[in-house]
Amino acid sequence: MEQLSRDPRSLVIREARRLIGQATYRLAARLEEAPEIVNCMTLLAHSYRVIGLELAAARFEEQLAQGKAIDLNQLEPGDLIYTAGSQAYYDHPEYGGIGHVCLATGEGTVVHATRRVRQGRVGGVYEDPLTTFIAAGAFKVARRLLTPTLQPPCLVTKGIVSHL
C-alpha cells in the first residue's frame, strides 16, 4: 500500500505527458510493454498505475466498467473520454461503437496514444485539443475514476481507494 500524493489526478496526467514523443505506438500493445510501447488503453492504464490504480488495459468493455459515467460538461482533470475513433473495436450496448480513449487534462486538451503519422513519426503519444475528440459525433462517454475530492490521506490497494 502506498500513500497518494496531494493531487493524484495531476500525477496521472504528468505521467501521460512524460511519454509524449517517447513511447512507440502499437495497436496490440500489452501493459507489460509500457511505457516504451503503448496503445490508447495501455497508455492510460500505465499512467493510472503510477498512483496505484489498476485500470483494465486489454479490452474496452472491461475499462468501461470501471469508474462512473459522467456528462461532458462535468469533465475534470484525469477523466477518461471514449470516442468512436477511426475504427470501433467495441460495440457498447448503450454508447455504440467505441474505438479510442484519451485522458482529459483539465486545460482544454487530452493526452492519448494514436497510430496516426505526426511530425514524421508513425504513431505515439500526443496532446491535442479536447474539441478534436468531441466534434462530429465522435464523443461516446466520459468516465471518472478519481473524484475531485479524493485527497490524502488515502491508500490505494488493488485499485480500491480507502480514506484513512
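Q: Which residues lie nearest the centre of the largest pocket, and how many residues line this pocket?
A: In this predicted model, 31 residues line the largest pocket, and Tyr 25, Cys 40, Tyr 89, Gly 99 and His 100 are those nearest its centre. The space in the pocket comes to about 610 Å³.

Q: Which elements give two or more residues to the lining of the largest pocket?
A: They are helix H2 (40-49), helix H3 (60-63), strand E9 (109-118) and helix H4 (130-134), and E9 gives the most, with six residues.

Q: How do the residues of this lining divide into nonpolar, polar and charged?
A: The lining holds 15 nonpolar, ten polar and six charged residues. Gly counts as polar in this scheme, so Gly 99, one of the residues nearest the centre, belongs with the polar group.

Q: Why are strand E4 and strand E11 said to pair?
A: Pairing requires at least two bridges, and E4 (residues 68-70) and E11 (residues 139-144) are joined by three in the antiparallel sense, so the two strands meet the criterion. Within this pair, Lys 68 stands opposite Arg 144 of E11.

Q: What makes strand E5 a partner of E11?
A: Four antiparallel bridges connect E5 (residues 80-83) with E11, and because at least two are needed, this too counts as pairing. Leu 80 has Arg 143 in E11 as its bridge partner.

Q: What is the omega of the peptide bond from Ala 34 to Pro 35, and where is Pro 35 found?
A: That bond is cis, with omega near 10°, and Pro 35 sits in the loop between strand E2 (24-25) and strand E3 (37-38).

How values were computed
Residues are numbered from 1 along each chain as its sequence is written. This is a predicted model: local features need pLDDT of at least 70, side-chain atom pairs count only at pLDDT 80 or more; totals for chains, interfaces and linings use all residues. Side-chain values use heavy atoms; hydrogens and water are left out. On a 1 Å grid over the protein atoms alone, a cavity is a set of points where a 1.4 Å probe fits but cannot get out, and a pocket is an open set with protein on both sides within 12 Å along at least five of seven lines; lining residues have an atom within 4 Å of a point. Grid points are joined across faces, edges and corners, and a volume is the space filled by probe spheres set on the points.
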